[in-house]
Amino acid sequence: MSTITIEQAVSALKIDITGMVQGVGFRPHVYRLASRFGLKGFVRNTESGVEIRVEGDAGDAERFFAELMESLPEHARVYGTEQTVCEPAGYEEFLILESDPASGGVPIMLPDLAPCPECLREMRDPSSRRYHYPFTNCTHCGPRYSIIESMPYDRSGTSMKGFRMCPECMKEYQDVGDRRFHAQPIACPECGPSMKVLFSDGSELGFGHGFDTPAAQVAWVLADGLIVALMGVGGFQLLADAASEGAVRRLRKLKGRDAKPFAVMVPDMAAAEALCHLTEEEKRLLASPEAPIVLAVKRKNVDLAPSVCMFSRFAGIMLPSSPVHALLMDMWRKPLVVTSGNLSGEPLCISVEEALQKLENAADVFFVHDRPIVRPVDDSVVRVAGGRTMMVRRARGYAPRPVWRTAPEAPKVLALGSGLKNTVCWLKDGVAVMSQHLGDLDSAAALRAFERTVEVLGNTLKAVPDVIAVDAHPDNPTAALARRLAREWGVSVFPVQHHQAHVLACAAENGTPFPALGVAWDGTGFGTDGTVWGGEFFIMEEQGAPKRVARIRPFLLPGGDEAVKEPARCACALARQMAEWGTDGLFRRLEHGIPPRKRQALETMMERHVHCPATSSMGRLFDAVAFWCGFDGAAGCEGHAAMVLESWAASLPEDGPEGDSYEWVMHEEGSLLELDWRPVLKALNDDLLAGVSRCRMARKFHESLVNLVFDVAERFSQDRLVLGGGCFQNAFLLEGLMGMAQSRACVLSLPQRVPCNDGGISLGQAAAAVRQWKG
């Protein structure tokens with residue numbers, strides 16, 4: 001590789017560019033720029049990016065390259081460039097050549113993008129030939145990852161290959177001045193995919209009632225309180241009128257989703273602002289090409305059925321993320337529930353046949369199309385805390401953008417993630433590519449979809465690993481595939497402890513310098529000592545596994561996973577360790593919240609240590625405190641009690657006394673610093689007896705956690721902190737930590753582009769394998 005300057009008299013230059021430069025109008029941009037400089041040569045796609053050859057008068061090639069880097073297309077992301085001085089080949093013109101499929105490297109695929117303003121205007125223009133056409137796209141927008149079968153990114157390697165371009169589309173495709181120049185999914189009503197509305201038996205709903213488009217038919221069906229299964233860009237979605245309590249409750253029952261809030265689509269930004277209090281960053285995210293679901297604080301007295309958001313102070317809102325959504329919302333003009341098109345525990349449906357079979361009892365009609373979906377891609381979910389965007393679910397619009405780059409000579413790793421909120425991560429040539437969110441692997445169908453993703457993504461990347469990283473839990477559902485693939489490839493399986501993976505994922509995406517203090521707070525995860533972890537602190541050095549140095553005081557989980565569903569069980573276990581502390585308030589609440597016979601049974605289980613694993617879980621501590629503050633009944637979804645506790649804490653006006661917080665106690669317990677929650681619960685007990693409001697108690701508990709993190713950091717003389725684990729989805733907690741970090745001049749690494757929950761585990765596993773690779 002040669003580095004050149006403008007002073008050199010260079011007449012020919014080869015430029016190799018890696019990154020997200022396919023499907024974004026990069027080659028047309030290069031063509032127009034080269035033509036303006038009077039250069040000859042070519043540009044073509046390669047497996048890992050783009051190759052450019054230019055030659056002309058001395059200095060023009062360098063000036064061309066400098067301007068190219070300054071004027072990249074909107075969605076392009078350049079990760080690396082190489083420039084090589086060449087001998088002139090005597091090119092007579094500048095051309096866009098056919099792709100080079102044998103160039104090697106890491107193929108970088110672009111995510112699916114929401115329709116751009118130009119395509120929306122065209123789709124809404126009665127004089128346009130694409131008027132009301134639900135597959136309108138160009139080089140600035142449209143499907144990518146969900147239709148790609150192979151790289152380089154050409155139409156022949158996508159699920160559009162079966163649709164032959166009509167003369168008009170071909171003309172646009174070949175016109176260098178058109179925004180559809182080399183737009184691979186280009187289509188129109190004459191030559192592209194089409195949509196229709198079906199009943200659950202597969203018969204077609206004919207036109208009538210004055211409705212001349214499928215979108216108008218669907219709006220009519222929704223207005224009647226029915227449920228629609230829509231085949232979107234990356235899979236099916238279930239739709240219902242967000243203002244109809246009957247429709248929403250019916251959807252919950254048919255889908256098997258008891259309490260988890262539903263997302264809501266609104267037609268435009270004005271409707272979003274009428275529904276939620278929006279920050280500038282939240283508005284930017286809603287209108288971005290990624291078009292994620294944004295968790296924003298819900299306004300009071302909005303026109304939403306109570307069963308949409310349930311207990312949450314947040315509403316998950318989104319703007320239309322595809323042309324068909326835009327057409328439907330043009331007709332509907334009201335909030336619409338939009339949720340994943342699958343039954344509880346099942347993967348997303350992506351074919352018409354599959355949806356008709358699996359969703360026949362969950363939907364009344366099916367709004368479908370004939371463009372094959374290559375891989376399921378759900379909606380992404382983000383939230384904003386302290387002005388920073390944080391990923392909750394990474395899928396459409398973001399996956400599979402690379403999330404980490406390390407040394408090219410690093411081992412090639414396949415990381416299989418966790419059994420919950422699964423993602424897969426491939427590391428090849430130092431580039432980490434994570435799959436889209438795959439969900440929980442708790443059914444045979446989900447496991448098949450997981451294995452298919454591993455295979456398809458690996459084939460697309462042309463990757464064979466040196467090592468396979470898995471969760472260290474002996475019964476994790478990814479282990480069987482890891483063992484089988486390890487035998488086929490003749491490689492080793494590398495177990496990674498769950499919470500170490502959490503903090504390593506955050507450190508990797510942030511490029512955190514070491515040493516640092518890792519904080520891993522979540523529900524439950526298998527620990528190296530045979531107990532269940534979830535409230536851990538690690539010292540992280542440059543090499544090797546993070547060293548566990550502190551934990552919250554362990555307590556029992558009566559019933560194991562049953563304690564996850566019933567916060568009262570966690571409260572009962574914690575109260576058992578408080579007997580000598582004088583805790584009348586805690587025990588009165590237990591008497592009110594647990595029937596006597598059930599409580600006696602739990603006490604017997606714990607006394608005999610029958611199905612009562614010990615845990616240091618911060619997530620279960622959240623559950624117990626939520627119970628004592630007033631949460632009753634079973635948890636309807638993961639994190640239910642903790643989210644209610646956060647809502648109570650956030651609802652309190654900022655008028656409490658300075659330092660209004662519960663106090664933890666730290667003491668040495670063997671080789672670990674143990675963080676004792678008993679003084680916290682004693683103070684909580686006193687507040688219960690004094691009649692302190694649940695919102696005040698919830699606020700004091702959150703403040704105590706903020707203080708705890710920085711007290712531990714001070715104990716270990718660490719001013720750099722790395723956060724990982726599902727507890728850090730709590731926006732109120734995060735904002736407190738961010739404020740404290742600023743006041744104490746500490747550096748806080750937060751999960752942002754990669755979820756802090758188990759959706760980020762695969763990246764942490766890959767990072768762990770690299771750090772401890774023996775070759």
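The largest cavity is lined by 22 residues, and those nearest its centre are Pro 143, Val 233, Ser 322, Pro 323 and Arg 371. A cavity here is a set of points, on a 1 Å grid over the protein atoms alone, where a 1.4 Å probe fits but cannot get out, and lining residues have an atom within 4 Å of a point. This is a predicted model: local features need pLDDT of at least 70 and side-chain atom pairs count only at pLDDT 80 or more, while totals for chains, interfaces and linings use all residues. Residues are numbered from 1 along each chain as its sequence is written, and side-chain values use heavy atoms, with hydrogens and water left out.

The space in the largest cavity is about 170 Å³, a volume being the space filled by probe spheres set on grid points that are joined across faces, edges and corners. Its lining comprises 12 nonpolar, seven polar and three charged residues; Ala, Val, Leu, Ile, Met, Phe, Trp, Tyr, Cys and Pro count as nonpolar, Asp, Glu, Lys and Arg as charged, and the others, Gly among them, as polar.

The second largest cavity holds about 100 Å³ of space. It is lined by 14 residues, with Val 233, Gly 234, Gln 237, Val 377 and Asp 379 closest to its centre. Four nonpolar, seven polar and three charged residues make up this lining. Over the whole structure, the search finds six cavities of 30 Å³ or more.

Attention now turns to the secondary structure. The protein has 24 helices and 31 strands, taken as DSSP runs numbered from the N terminus (helices H or I, at least four residues; strands E, at least two). Because its radius of gyration of 28 Å is close to the 28 Å that the globule rule gives for 775 residues, the protein is as compact as a globular protein of that length. The radius is taken over C-alpha atoms, and the rule is 2.2 Å times the number of residues to the power 0.38. The C-alpha trace spans about 90 × 70 × 55 Å along the principal axes.

Ala 415 has Ala 469 of β21 as its bridge partner.

Key: 1 Å grid on protein atoms, 1.4 Å probe; cavity = no way out; pocket = protein on both sides within 12 Å on 5 of 7 lines; lining within 4 Å. Pairing = 2+ DSSP bridges.
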